[in-house]
Amino acid sequence: MTAPMWLTAPDDLTGHAAGYWKSLAPRLWRAGRLTIDSAEPLKALCRLLAISRTAADEIGRDGVTIATGTGSRRAHPAGEIMLKAQRDAAALMHDFELAP
């Protein structure tokens with residue numbers, strides 16, 4: 001079975017999101033869980049996974065807390081971003097029958 005042209009990474013996905021597409025799309029298509037009609041939800045999933053990864057990288061670089069202007073420390077805002085992206089991605093992963 002020849003892969004359709006739309007299976008290539010969409011132009012509007014860049015960086016990590018494009019990498020996730022290149023990893024997931026062919027596998028999901030071969031398994032019959034990706035069609036042209038479900039390409040947009042997969043793009044959303046790839047973006048969410050990329051957001052989570054970028055936030056995790058920031059936490060890895062800066063630590064889980066950051067300094068405030070008053071010299072105290074508070075939770076890194078990337079932590080909340082990462083957790084929200086992971087929660088949102090989990091629902092889409094379920095739709096594509098991917099293990100979270």
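I started with H3, where the cover over its buried residues includes H2. I took helices as DSSP runs (H or I, at least four residues), numbered from the N terminus. Buried means under 20% relative accessible area with a 1.4 Å probe, protein chains only. Contact means heavy atoms within 4.5 Å.

On provenance: this is a predicted model, in which local features need pLDDT of at least 70, side-chain atom pairs count only at pLDDT 80 or more, and totals for chains, interfaces and linings use all residues. Residues are numbered from 1 along each chain as its sequence is written, and side-chain values use heavy atoms, with hydrogens and water left out.

Entry: H3. I listed its buried residues as Ala 78, Gly 79, Met 82, Ala 85, Ala 89, Leu 92 and Met 93. H3 has 19 residues and spans 28 Å from first C-alpha to last, close to the expected 27 Å at 1.5 Å a residue; the expected span is 1.5 Å times one less than the number of residues. Just after H3, I noted a positive phi of about 60° at Glu 97.

Entry: H2. This helix has 24 residues and reaches 35 Å between its end C-alpha atoms, close to the 34 Å expected. Its buried residues pack against H1 and H3. Gly 63 follows H2, and its phi is positive, near 95°.

Entry: the H2 and H3 pair. I found a packing angle of about 150° and axes 8 Å apart. The axes are lines fitted to C-alpha atoms over the stretch in contact, and angles run from 0 to 180 degrees between N-to-C directions. The two helices are therefore roughly antiparallel, a label for angles over 145 degrees. Among the residues that meet are Leu 45, Leu 48 and Leu 49 in H2, and Ala 85, Ala 89 and Leu 92 in H3.

Entry: Leu 49. Is Leu 49 buried or exposed? Leu 49 is buried, because its relative accessible area is 19%. I located Leu 49 in H2, residues 39-62. Leaving out residues up to four places away in sequence, Leu 49 touches Tyr 20, Leu 24 and Ala 89.

Entry: core. The largest nonpolar core has 23 residues, of which Leu 34, Leu 42 and Leu 45 touch the most other members. H1 (15-30), H2 and H3 (77-95) each supply at least two residues of this core. I counted as a core a set of buried Ala, Val, Leu, Ile, Met, Phe, Trp, Tyr and Cys residues joined through side-chain atoms within 4.5 Å.

How values were computed. Buried < 20%, exposed > 50% of the residue type's maximum accessible area, 1.4 Å probe, protein only. Parallel < 35°, antiparallel > 145°, perpendicular 65-115°, else oblique.
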